[in-house]
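Here's a quick walk through one protein model. Have a look at it first, then read on.

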Amino acid sequence: MSWSSRLQSVVSLSTTEAEYIAAVEAGKEIIWMRNLLTEFGSNLTSPSHLLIDNNSAVTVAKNPKHHGRMKHLDLRFHWLRDTVEAGLISPIHIPTTLQAANIFTKPLTHQKIDVCLDLLGLQKK
């Protein structure tokens, strides 16, 4: 498992764009981990899941023909579309309430912390 929290290097014009750019960064990490596991001898035949809590960002990642308001994005961000199309990553929508990574990036109530700990398979003592 790995995680990172930092400001994006570009200014996003919409929530979808911000989530998509974050998904690209997460996708690069997934590919790095897949390569590492391959070096260790694992045979990865199925795509790795990329959980995204924005439906529009999932649609943009899955549909290489979708342009709309995303056509102005730098080409380097469309790497994710190619990786999804190649079958290495499978973007999946997950509701924000079930996003375990929130515990690392947001202030949460005690109840939401308990949910995140449960999603991560951790027990609160």
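## Overall picture

What percentage of the 125 residues of the protein count as buried? The figure is 28%. Keep in mind that this is a predicted model.

## Fold layout

Going by secondary structure, the protein has 5 helices and 2 strands. Read from the N terminus, the order is α-β-α-α-β-α-α.

## Helix 1 against helix 2

Now for one helix pair. Two packed helices are described by the angle between their axes and the distance between the axes. Here, helix 1 covers residues 15-39 and helix 2 covers residues 55-62. Their axes sit 8 Å apart, and the packing angle is about 60 degrees. Helix 1 is therefore oblique to helix 2. As for handedness, helix 1 and helix 2 make a right-handed crossing.

Which residues make the contact? Helix 1 brings Thr16, Glu19 and Tyr20, while helix 2 brings Ser56, Ala57, Val60 and Ala61. Sorted by class, the contact of helix 1 with helix 2 has 4 nonpolar residues, 2 polar ones and 1 charged one.

Key: Residues are numbered from 1 along each chain as its sequence is written. This is a predicted model: local features need pLDDT of at least 70, side-chain atom pairs count only at pLDDT 80 or more; totals for chains, interfaces and linings use all residues. Side-chain values use heavy atoms; hydrogens and water are left out. Helices (H or I, at least four residues) and strands (E, at least two) are DSSP runs, numbered from the N terminus. Buried means under 20% relative accessible area, exposed over 50%, partly exposed in between (1.4 Å probe, protein chains only). Axes are lines fitted to C-alpha atoms, for helices over the stretch in contact, and angles run from 0 to 180 degrees between N-to-C directions. Angles under 35 degrees count as roughly parallel, over 145 as roughly antiparallel, 65 to 115 as roughly perpendicular and the rest as oblique. A crossing is left-handed if the near helix is turned anticlockwise from the far one by less than a right angle, and right-handed if clockwise. Contact means heavy atoms within 4.5 Å. Ala, Val, Leu, Ile, Met, Phe, Trp, Tyr, Cys and Pro count as nonpolar, Asp, Glu, Lys and Arg as charged, and the others, Gly among them, as polar.
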